[in-house]
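Please give me a short briefing on this protein model.

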Amino acid sequence: MTEPRVAIQLVVHNGERYIRQCLTAVRTQTYQNVTVTILDNASTDRTADIIRTEFPEYQLLLHPSNLGMWPGQELLLNRTLGEYVLVLSVDVILDPTFIECAVAACERDRSIAAVQARIYQYAIDDLERGVPL
């Protein structure tokens with residue numbers, strides 16, 4: 001049986017400080033049947049360059065103006081091919097098993113339409129210094 005595809009959507013504007021941690025957490029997920037599409041909302045920092053060079057496996061779309069988070073997500077939603085959609089923000093670091101657990105819960109009970117992770121606060125300065133979450 002094929003695992004359902006999860007479409008991860010990330011809309012970002014000037015996320016240079018957070019993008020590496022966010023996408024590294026996506027890359028290290030235990031669930032592998034994912035596609036990642038990132039909409040860069042006219043960033044003026046190095047966000048798009050970091051994605052292109054350090055995360056070339058992810059699809060990067062550049063928008064000439066800042067649409068905002070939810071209009072950007074709607075644009076991506078119109079392009080998605082996944083059975084499940086994960087709407088991600090650049091300042092979120094997923095637990096390595098998050099997608100695996102979320103898909104398992106949804107597959108086990110088809111009445112589940114959405115899941116929300118437990119949210120913990122972290123300090124980006126600690127992460128940059130190598131302090132674990």
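A residue is called buried at under 20% relative accessible area, exposed at over 50%, and partly exposed in between, using a 1.4 Å probe and protein chains only. By that rule V87, with a relative accessible area of 38%, is partly exposed. The model is predicted, so local features need pLDDT of at least 70 and side-chain atom pairs count only at pLDDT 80 or more, while totals for chains, interfaces and linings use all residues. Residues are numbered from 1 along each chain as its sequence is written, and side-chain values use heavy atoms, with hydrogens and water left out.

- Helices (H or I, at least four residues) and strands (E, at least two) are DSSP runs, numbered from the N terminus.
- Strand β1 covers residues 6–12, and seven of its seven residues are buried.
- On one side of β1 the buried residues are V6, I8, L10 and V12, and on the other they are A7, Q9 and V11.
- Two strands pair if DSSP finds at least two bridges between them.
- β1 runs parallel to strand β2 (residues 34–41), and seven bridges join them.
- Within this pairing, L10 stands opposite I38 in β2.
- β1 also pairs in the parallel sense with strand β4 (residues 84–88), over five bridges.
- Here the bridge partner of Q9 is V87.
- β1, helix α1 (residues 19–27) and β2 form a right-handed β-α-β unit; right-handed means that, with the strands pointing away from the viewer, the path from the first strand over the helix to the second runs clockwise.

- Q73 lies in helix α3 (residues 69–77) and is buried, with a relative accessible area of 3%.
- Leaving aside residues up to four places away in sequence, Q73 touches Q9, L10, V11, V87 and L88; contact means heavy atoms within 4.5 Å.
- W70, L77, V85 and V87 make a nonpolar surface patch of about 380 Å².
- Patches are made of residues with over 30% relative accessible area and no salt bridge, where like charges are joined within 9 Å and nonpolar side chains (Val, Leu, Ile, Met, Phe, Trp, Tyr) within 5 Å.
- Accessible areas come from the Shrake-Rupley method with a 1.4 Å probe, and for residues only the protein chains shown count as cover.
- α3 and β4 each supply at least two residues of the nonpolar patch.

- N14 sits in the loop between β1 and α1 and is partly exposed, at a relative accessible area of 32%.
- The C-alpha atoms of N14 and A42 are separated by 8.0 Å, although the two are 28 residues apart along the chain.
- Beyond four places in sequence, N14 touches S43, T44, D45 and T47.

**Salt bridges**

- Side chains of opposite charge can pair when their charged atoms come close.
- A salt bridge is a side-chain nitrogen of Lys or Arg within 4 Å of a carboxyl oxygen of Asp or Glu, and the count comes to five.
- One of them joins E54 to R20, with the closest N and O atoms 2.9 Å apart.
- E54 lies in helix α2 (residues 47–54) and R20 in helix α1, so this pair ties together parts that are 34 residues apart in sequence.
- Another joins E57 to R27, with the closest N and O atoms 2.8 Å apart.
- E57 lies in the loop between α2 and β3 (59–63) and R27 in helix α1, so the pair ties together parts that are 30 residues apart in sequence.
- D49 forms a salt bridge with R52, at 3.0 Å between the closest N and O atoms.
- D49 and R52 are three residues apart in helix α2, which means they are separated by about one helical turn.
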